[in-house]
Amino acid sequence: MKGCEMRGKELVDANVLTAADFEEWAHSSKSIKSTIIGVGLPAYSLLYTLLQSVRHGTAGLLMADGVEITYLNRPRDRVFDWFFHPLIVLRDQISAANLVESELRYLEKLTLMSGYLERMATWENGAIAPESALKNGEIQALSRRLQGLTRNISKFPTYRRRYQQVVKCLLVYAQEKEGTLKPRISKLGSTRGSRKEDPSQRSKLVEGFTSINISSSV
């Protein structure tokens, strides 16, 4: 989840993702547009983890916090084991593909945008689709595997609750960047941290305090 938040902020800073994207997922997580956040972003983050693992030549997976998870130190959990080996296999497939920089950017675009052609066309990230139909098909297959693994991982019992928190943080981050963040309103209707005092109430308090002092001094 930390990796998702980091990658998400980078994409917001690059104007690839907007507050509207996160709001779309929050309101309707099953719509076509919402797949960019619901599937694309975590799959993109997963791709980044696998690429980092390949570049550093790690025996396992190099996580966003710099921790390397291998067969020896991985969590002893049956559910985790279901996904660890497929991730290692996918890491090796990406390494064996020997993609050049423009092809890697194309893989990133396919993975994040989840086939949303309109958004793919507007994201200028240096991606160039390979002329070779075989190479193009290989990259698209890698993208589908990343998205498929992401969909399976999202079925974890606590995944959605944790991912909702990530999306909430990214939404606020995007709104702050765009200048559209609204101030929080308290139950009393006043802006948090800026409670205003009612002059009439203050006058009544002063009068009450004065009458108490006068009666006690008599």
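Tutor: This is a predicted model, and its largest pocket has a volume of about 870 Å³.

Student: What makes a residue part of the lining of the largest pocket, and how many residues line it?

Tutor: A lining residue must have an atom within 4 Å of a point of the pocket. The lining of the largest pocket consists of 29 residues. Nearest the centre are Met 1, Leu 46, Thr 49, Met 63 and Ile 153.

Student: Which elements supply at least two residues each to that lining?

Tutor: They are helices H1 (2-13), H3 (35-55), H4 (78-97), H7 (133-153) and H8 (159-178), together with strand S1 (61-62). The largest share, six residues, comes from H3.

Student: How is the lining divided by class?

Tutor: It has 19 nonpolar, six polar and four charged residues.

Student: Why is the contact between Glu 10 and Arg 7 called a salt bridge?

Tutor: The criterion is a side-chain nitrogen of Lys or Arg within 4 Å of a carboxyl oxygen of Asp or Glu. For Glu 10 and Arg 7 the closest N and O atoms are 3.0 Å apart, so the pair qualifies. Both residues lie in helix H1, three residues apart, about one turn of the helix. A search of the whole structure finds seven salt bridges.

Student: Why is Glu 10 called partly exposed, and why is Arg 7 called buried?

Tutor: Buried means under 20% relative accessible area and exposed means over 50%, with partly exposed in between. Glu 10 is at 38% relative accessibility and therefore counts as partly exposed. Arg 7, at 5%, falls under the 20% limit and therefore counts as buried.

Student: How do you know that Asp 21 and Arg 119 form a salt bridge?

Tutor: Their side chains meet at 2.9 Å, N to O, which is within the 4 Å cut-off. Asp 21 lies in helix H2 (residues 19-27) and Arg 119 in helix H6 (residues 117-122), so the pair ties together parts that are 98 residues apart in sequence. Both Asp 21 and Arg 119 are buried.

Student: What makes Glu 108 and Arg 105 a salt bridge, and are these residues buried or exposed?

Tutor: The closest N and O atoms of Glu 108 and Arg 105 are 2.7 Å apart, again within 4 Å. The two residues are separated by about one helical turn because they stand three residues apart in helix H5 (residues 101-113). Glu 108 has a relative accessible area of 8% and is therefore buried; Arg 105, at 13%, counts as buried too. Salt bridges with shared partners join Glu 101, Arg 105 and Glu 108 into one network.

Student: How do you know that the span of H7 is close to the expected value?

Tutor: H7 has 21 residues and reaches 30 Å from its first C-alpha to its last, close to the 30 Å expected at 1.5 Å a residue. Its buried residues include Lys 135, Asn 136, Leu 146 and Ile 153.

Student: What makes Ser 132 a cap of H7?

Tutor: A side-chain oxygen of Ser 132 lies 3.3 Å from the backbone nitrogen of Leu 134, at the N-terminal end of H7.

Student: Where is Asn 125 found, and why is it called buried?

Tutor: Asn 125 is in the loop between H6 and H7. At 14% relative accessibility, under the 20% limit, Asn 125 therefore counts as buried. Its side chain reaches the backbone nitrogen of Ala 127 at 3.2 Å, which is within the 3.5 Å cut-off for a polar contact.

Conventions:
Residues are numbered from 1 along each chain as its sequence is written. This is a predicted model: local features need pLDDT of at least 70, side-chain atom pairs count only at pLDDT 80 or more; totals for chains, interfaces and linings use all residues. Side-chain values use heavy atoms; hydrogens and water are left out. On a 1 Å grid over the protein atoms alone, a cavity is a set of points where a 1.4 Å probe fits but cannot get out, and a pocket is an open set with protein on both sides within 12 Å along at least five of seven lines; lining residues have an atom within 4 Å of a point. Grid points are joined across faces, edges and corners, and a volume is the space filled by probe spheres set on the points. Helices (H or I, at least four residues) and strands (E, at least two) are DSSP runs, numbered from the N terminus. Ala, Val, Leu, Ile, Met, Phe, Trp, Tyr, Cys and Pro count as nonpolar, Asp, Glu, Lys and Arg as charged, and the others, Gly among them, as polar. Buried means under 20% relative accessible area, exposed over 50%, partly exposed in between (1.4 Å probe, protein chains only). The expected span of a helix is 1.5 Å times one less than its number of residues. A polar contact is a pair of N or O atoms within 3.5 Å; within protein, one must be able to donate a hydrogen and the other to accept it, and residues adjacent in sequence count only if both atoms are side-chain atoms.
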